[in-house]
Amino acid sequence: MSDCTEYGGGYKLNYAAALRSAPHDVLLPVLMLSRYGLTPNPELSAFGRWAQAEGAHVIEVDSLSFQKDLTSHFSHLSHRGWGARQVDHITGPFLRLDIPRMVSEHSLFSLPCACPEYALYTDTDVMFGNVTAEATAQALHGLAKYNGDRFVMYGAEHEMHGPPKNTGVFFMSVSRFERAWPEILKVGLSKSFRFPERAYDQGWLNFYFNMVKAGRNSTMLPLAWNWKVYWAERGRRSRRCVSSTFMDPRQGANTSPASHLKIEHACHGSPAKLHGI
């Protein structure tokens with residue numbers, strides 16, 4: 001699944017490139033298109049129509065399920081170095097937290113061959129590598145095999161080692177994330193959404209999974225699933241890069257209000273396919 005806003009900017013270009021890079025014989029893209037603060041329109045925008053024509057399932061999102069809580073605290077966010085002075089930043093960067101809601105309201109797990117459990121989210125600056133559909137499907141099946149108390153996987157930040165910190169690529173058990181959501185929201189409200197890491201929901205998720213839960217419910221995503229191109233400058237290579245992030249390391253956290261999500265088509269067996277949500 002991907003998310004974007006109707007406010008323009010480079011996020012649409014990022015999403016367009018990412019959509020074209022995804023192997024459509026394995027992934028079915030779904031785009032969450034934020035329209036928060038805009039006049040309701042029964043018709044898709046030109047960008048929404050383009051994404052739909054390219055094979056994406058487009059969902060327009062007027063507001064988050066927790067929009068009122070977030071907006072009531074948002075005034076302090078725009079004054080703490082977040083670079084968040086546009087209306088789209090009150091919704092866009094947080095859309096991945098509403099994945100269970102989108103899955104439920106739009107019956108995404110009822111799409112043909114969908115695996116009714118797992119979802120893979122990616123930011124708009126994440127491109128899929130030149131790997132075969134079969135290799136991608138096998139790799140995703142490998143991610144789905146983790147068990148125990150851990151129900152989310154996400155990647156390393158600049159230092160290339162754990163604990164997981166970068167949520168630009170985020171693999172989740174949707175049902176288990178949904179069960180944990182009331183506690184995650186409670187933590188956000190208790191801190192007035194103020195966290196040591198000022199990276200929108202990434203700071204929030206890191207505080208919850210790494211501090212509150214002490215890593216019991218999360219684990220590291222393999223580096224090949226969130227490969228940073230600048231790591232090559234440090235002498236590291238990836239023989240099979242599934243997806244890459246093109247964020248400049250000097251930028252710090254990615255604050256894009258646009259992102260992607262994929263849902264696995266087949267829980268078991270071969271060939272496996274994915275639905276991108």
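Biologist: Contact here means heavy atoms within 4.5 Å. Among contacts between residues at least 6 apart in sequence, what share join residues at least 24 apart?

Modeller: That share is 76% in this protein. Please note that this is a predicted model, in which local features need pLDDT of at least 70 and side-chain atom pairs count only at pLDDT 80 or more, while totals for chains, interfaces and linings use all residues. Residues are numbered from 1 along each chain as its sequence is written, and side-chain values use heavy atoms, with hydrogens and water left out.

Biologist: How many helices and strands does the protein have?

Modeller: There are seven helices and 13 strands. Helices (H or I, at least four residues) and strands (E, at least two) are DSSP runs, numbered from the N terminus.

Biologist: And how much of the protein is buried?

Modeller: Of its 277 residues, 57% count as buried. Buried means under 20% relative accessible area, exposed over 50%, and partly exposed in between, with a 1.4 Å probe and protein chains only.

Biologist: Let us turn to the strands. How many residues of E5 are buried?

Modeller: Six of the six residues in E5 (residues 118–123) are buried. Tyr-118, Leu-120 and Thr-122 point one way from E5, while Ala-119, Tyr-121 and Asp-123 point the other way.

Biologist: Why do the side chains alternate?

Modeller: In a regular strand, side chains alternate between the two faces of the sheet.

Biologist: How does E5 run relative to E8?

Modeller: E5 and E8 run antiparallel, with five bridges between them.

Biologist: Is Thr-167 buried or exposed?

Modeller: Thr-167, found in strand E8 (residues 166–173), is buried, because its relative accessible area is 0%. Not counting residues up to four places away in sequence, Thr-167 touches Arg-96, Tyr-121, Tyr-154, Gln-202 and Leu-205.

Biologist: And what about Thr-219: buried or partly exposed?

Modeller: Thr-219 counts as partly exposed, at 23% relative accessibility. It is found in strand E9 (residues 218–220). Leaving aside neighbours within four places in sequence, the contacts of Thr-219 include Arg-150, Val-152 and Pro-164.

Biologist: Moving to the helices, at what angle do H6 and H7 pack?

Modeller: H6 (residues 174–190) and H7 (residues 201–212) pack at about 100 degrees, with their axes 10 Å apart. The axes are lines fitted to C-alpha atoms over the stretch in contact, and angles run from 0 to 180 degrees between N-to-C directions. H6 and H7 are therefore roughly perpendicular, a term for 65 to 115 degrees; under 35 counts as roughly parallel, over 145 as roughly antiparallel and the rest as oblique.

Biologist: Which residues make that contact?

Modeller: Among them are Phe-177, Trp-181 and Ile-184 of H6 and Trp-204, Leu-205 and Tyr-208 of H7.

Biologist: Lastly, which residues of H2 are buried?

Modeller: In H2 (residues 46–53), they are Phe-47, Gly-48 and Ala-51. Seen down the axis of H2, these fall within an arc of 100 degrees, so they line one face of the helix; the arc is that of the directions from the helix axis to the C-beta atoms. Ala-46 and Ala-53, on the other side of H2, are exposed.

How values were computed. Two strands pair if DSSP finds at least two bridges between them.
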